[in-house]
Amino acid sequence: MINTRLLTAAALGIGLLALPTIGDAQSFQGNQPIMWGADESAYSPTGLSLRGRAELIQGENRIRADRVEGAITNGSLTRVEASGSVYFVTPEQTIRGDRAVYTPANDTIVLTGDVILTQGENVITGSRLVYNTRTESAQMEGGSNGRVQGVFYPERGN
């Protein structure tokens, strides 16, 4: 009985990581305008630097951090590095980490450090999360103890 419950919980956890979120959540992709804000900013033809309550918003998704550095190539944002209390927030999920690198070319954001992914009451923790903003799929690697850990609450019927 305990093994069945553990397998069910593990299957739900894998499902949470593998399935896209419910609804038509907009991805953090290059086809929408990116709004930004910070306490301080600097811009050059090759980069954007945001410090203090830095924030990038695209559609319904956002990256918040203490500091954000963006690389610009041929007028397009090609790479974003965020550090210091990094949050990647979608309508369905909140992902927290110490550092993040977003690469628009492959729709991937990689968060490292003490990574915590929450979706509703469900929580997954680890040390490195690779999240595809187009497919909304995620892969978590183990934390300080080498393990990915999580808590999942199955939906309750009436």
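A nonpolar core is a set of buried Ala, Val, Leu, Ile, Met, Phe, Trp, Tyr and Cys residues joined through side-chain atoms within 4.5 Å. The legends below concern a predicted model.

**View 1. The largest nonpolar core of the model has 24 residues.** Val68, Ala82, Ile95, Ile109, Leu111, Leu129 and Tyr131 have the most contacts inside this core. Seven strands are labelled here. At least two core residues come from each of β3 (47-58), β4 (61-73), β5 (76-89), β6 (94-103), β7 (108-119), β8 (122-132) and β9 (137-141). In soluble globular proteins, nonpolar side chains tend to be buried together.

**View 2. Valine 68 and the residues it touches.** Beyond four places in sequence, valine 68 contacts Leu48, Ser49, Leu50, Ala54 and Leu56, along with Val80, Glu81 and Ala82. Ala82 is also among the core residues with the most contacts, as is Val68.

**View 3. Glutamate 40 in strand β2.** This strand spans residues 40-44. Glutamate 40 counts as exposed because its relative accessibility is 52%, and exposed means over 50%. Its contacts beyond four places in sequence are Ser49, Leu50 and Arg51. Leucine 50 lies 10 residues from glutamate 40 in sequence, and their C-alpha atoms are 5.9 Å apart.

**View 4. Helix α1 (residues 2-18), where confidence is lowest.** The mean pLDDT of this helix is 40, while β6 has the highest, at 95. Residues 1-27 stay under 50, and the model gives them 31 contacts beyond four places in sequence. Where pLDDT is low, the predicted coordinates should not be read in detail. Over the protein chain, the mean pLDDT is 81, and 80% of residues reach 70 or more.

Technical notes. Residues are numbered from 1 along each chain as its sequence is written. Side-chain values use heavy atoms; hydrogens and water are left out. Buried means under 20% relative accessible area, exposed over 50%, partly exposed in between (1.4 Å probe, protein chains only). Helices (H or I, at least four residues) and strands (E, at least two) are DSSP runs, numbered from the N terminus. Contact means heavy atoms within 4.5 Å. pLDDT is the predictor's confidence in each residue, from 0 to 100.
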